[in-house]
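Colleague: I have this one open on my screen and would like to go through it with you. Could you start wherever you like?

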Amino acid sequence: MATDDSNDALSHANGWRPGNSLLVVCFGEMLIDFVPSVGGVSLAEAPAFEKAAGGAPANVAVGISRLGGSAAFVGKVGDDEFGYMLANILKQNNVDNSGVRFDHNARTALAFVTNRADGEREFLFFRHPSADMLLHESELDVELISKAKIFHYGSISLIDEPCKSAHLAAMKIAKNSGSILSYDPNLRLPLWPSAEAAREGIMNIWDQADIIKISEEEITFLTGGEDPNDDNVVLDRLFHPNLKLLIVTEGSEGCRYFTKEFRGRVAGVKVKAVDTTGAGDAFVGGILFCLASDPNLYKDEERLRQALLFANVCGAVTVTKRGAIPALPTKEAVLSLLTQAAS
């Protein structure tokens, strides 16, 4: 059955063309994910692991580029085989990797991650310290960051120095250059010293962002256990005066959106999920791809709804394949699923 949103998004998506797309610079961690060779097992039960490129900001950069947008990544990897592999993956996916630095003393970060049979994700990180934590402010590619129409980041890069200072400096450079600041906290509690440190670290830069994407679980965590489904909780506790757009993702159910002028919900698109890894990053890549082509779309509710449906479909396509970066969709794959949703 056709929906107005699906038809509108399908027609509007043809206006989101690569030539119109302004640069999105993604800042933060890029690492190697080791995922079990079979699904639905704990890390201890896994018979073997496959390596894959990971790290939310890097996934977002690749997601934007694969849709036909313009993206760059700024961060640090080890001067090792995995580090050069990651830099090459960015290049192969047409992501500008000139902002990538290589550390001669620390290794590229590793993460073992699985989706267990009970639906919970399990993580085991090797960062003692890893190269991404050791990016210095002096190593920032100021010229590249200054070119960003949108500057996107998470919170993992805020956990340790010197990367924290580099992160804050990069935000300042971007803001002073007129960039839209985009924030996906991407909570990974095991990496923080404590839950309180995580809450404080994530919220310390909250009011500087123009666009924020959070999950229902992150709302519960950041508000100290309040109901993530209560719009008033979101507005009272998490919406700030400088915010242009706040998005709450709800997995396969879709997302909610909040601006100064309006709020609402955009339903998800139903697919058969194989692996949910990278779905949130695909969603962020989708909405930032749209914003880079139409930076004021958050002011028009109809255009915003179309863009959010497009982003929902980006996430939906991603869960039909294994891995994060390998599963990120092309624009053609998104339009194909949108066509099915509209018919």
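Modeller: Let me start with Asn94, which counts as exposed because its relative accessibility is 62%, where exposed means over 50% relative accessible area, buried under 20% and partly exposed in between, with a 1.4 Å probe and protein chains only. Before going on, please keep in mind that this is a predicted model, in which local features need pLDDT of at least 70 and side-chain atom pairs count only at pLDDT 80 or more, while totals for chains, interfaces and linings use all residues. Residues are numbered from 1 along each chain as its sequence is written, and side-chain values use heavy atoms, with hydrogens and water left out.

Colleague: Okay, and where is Asn94, and what is its phi?

Modeller: Asn94 is in the loop between helix 3 and strand 5, and its phi is near 60°, a positive value in a residue other than glycine. Helices (H or I, at least four residues) and strands (E, at least two) are DSSP runs here, numbered from the N terminus.

Colleague: And Asn186, buried or exposed?

Modeller: Asn186 is buried, with a relative accessible area of 13%. Asn186 also has a positive phi, about 50°, although it is not a glycine, and it is found in the loop between strand 9 and helix 6 (195-204).

Colleague: Let's zoom out. How many helices and strands does the protein chain have?

Modeller: The protein chain has 11 helices and 13 strands. Its radius of gyration is 19 Å, close to the 20 Å that the globule rule gives for 343 residues, so the chain is as compact as a globular protein of that length; the radius is taken over C-alpha atoms, and the rule is 2.2 Å times the number of residues to the power 0.38. Buried residues make up 58% of the 343 residues, and the C-alpha trace spans about 55 × 50 × 45 Å along its principal axes.

Colleague: What's the strand order in the nine-strand sheet?

Modeller: The order is 5-4-1-8-9-10-11-12-13 in an open sheet with mixed pairing; two strands pair if DSSP finds at least two bridges between them. Strand 5 (96-103) and strand 13 (263-267) stand at the edges with a single partner strand each, so one side of each is left without a neighbour in the sheet. Neighbouring strands of this sheet are turned by 15° against each other on average, direction ignored, with axes being lines fitted to C-alpha atoms, for helices over the stretch in contact, and angles running from 0 to 180 degrees between N-to-C directions.

Colleague: How do strand 4 and strand 5 pair, and what packs there?

Modeller: Strand 4 (residues 70-78) and strand 5 pair in the parallel sense over six bridges, and Val77 stands opposite Phe102 in strand 5. Helix 3 packs on the sheet, touching strand 4 and strand 5, and its direction makes about 175° with that of strand 5; contact means heavy atoms within 4.5 Å. Helix 9 (residues 279-293) packs on this sheet as well, with strand 1, strand 8 and strand 12 among the strands that it touches, and its direction makes about 170° with that of strand 8.

Colleague: What about strand 11, how many of its residues are buried?

Modeller: Five of the five residues in strand 11 (245-249) are buried, with Leu245, Ile247 and Thr249 on one side and Leu246 and Val248 on the other. Strand 11 pairs with strand 10 (211-215) in the parallel sense over five bridges, whereas four bridges join strand 11 to strand 12 (254-258) in the antiparallel sense. Ser215 stands opposite Thr249, and Leu246 stands opposite Phe258 in strand 12. The hairpin of strand 11 and strand 12 has four residues between the strands, and Gly251 takes a positive phi near 60° there.

Colleague: And the four-strand sheet, which order?

Modeller: That open sheet has the order 3-2-6-7, with mixed pairing. Strand 3 (49-54) and strand 7 (121-126) are its edges, each having a single partner strand, so one side of each lacks a neighbour in the sheet. Strand 6 (residues 110-115) and strand 7 run antiparallel, joined by six bridges, and Leu110 has Phe126 as its bridge partner in strand 7. Helix 3 (residues 81-92) lies across strand 2, strand 3 and strand 6, running at about 95° to strand 2.
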